[in-house]
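Here are my notes for when you open this one up. Have the viewer beside you and click along as you read.

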Amino acid sequence: MLSRGVPRVNGKLAVSHASSDKSLKSHLRSDPHIQWTNIDNKTNILILASDGFWKVMSNQEAIDIAKKV
């Protein structure tokens, strides 16, 4: 199976979908990274994304795109 640049677990399943596949649980961690931040009227941008997003885009690239919208 060709991965076409998509990280796979045991060559079977894309990592972003593997967390619900019980046969692959031993290869994965599903502990979320949690950060508490105050959001108020001074907050300009809030970006919520999975780890896959940050593998292809830097923080600054995401901010630049969000500012354009």
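1. Start at A62 and look around. Leaving aside the neighbours within four places in sequence, A62 is in contact with I47, F53, W54 and M57. Keep in mind that this is a predicted model.

2. Where does A62 sit, then? A62 is found in helix 3. Is A62 buried or exposed? With a relative accessibility of 5%, A62 counts as buried, because the cut-off for that label is under 20%. Now find I47, one of the contacts of A62. The two are 15 residues apart in sequence, and their C-alpha atoms are 7.9 Å apart in space.

3. How many aromatic pairs does a search of the whole structure find? The search turns up one. The ring centres of F53 and W54 are 4.7 Å apart and the ring planes stand at 90°, so this pair is edge-to-face. The label follows because planes over 60 degrees apart count that way.

4. What does the side chain of E61 reach? Zoom in and you'll see the backbone nitrogen of S58, at 2.7 Å.

5. Next, turn to the surface. I39, L46 and L48 make up a nonpolar patch there, and together they have about 380 Å² of accessible area. I39 belongs to the loop that runs between helix 1 (15-18) and helix 2 (51-56). At 56% relative accessible area, I39 is exposed, because that label starts over 50%.

6. Now zoom out. The chain has three helices and two strands, and from the N terminus on the order is β-β-α-α-α. Of the 69 residues, 7% count as buried, and A62 is one of the buried residues.

7. Last, a couple of whole-chain numbers. Take the contacts between residues at least 6 apart in sequence: 0% of them join residues at least 24 apart. The chain exposes about 6,500 Å², with carbon and sulfur atoms supplying 53% of that area.

Technical notes:
Residues numbered from 1 in each chain as written. Predicted model: local features only at pLDDT ≥ 70, side-chain atom pairs only at ≥ 80, totals over all residues. Heavy atoms only, no water. Helix = DSSP H or I, 4+ residues; strand = E, 2+ residues; numbered from the N terminus. Buried < 20%, exposed > 50% of the residue type's maximum accessible area, 1.4 Å probe, protein only. Contact = heavy atoms within 4.5 Å. Areas by Shrake-Rupley, 256 points an atom, 1.4 Å probe, with all protein chains shown as cover. Phe/Tyr/Trp six-rings, centres within 6.5 Å; stacked < 30°, edge-to-face > 60°. Patch = residues over 30% accessible without salt bridge, like charges linked within 9 Å, V, L, I, M, F, W, Y side chains within 5 Å. Salt bridge = Lys/Arg side-chain N within 4 Å of Asp/Glu carboxyl O. Polar contact = N/O pair within 3.5 Å; in protein donor to acceptor, adjacent residues only side chain to side chain.
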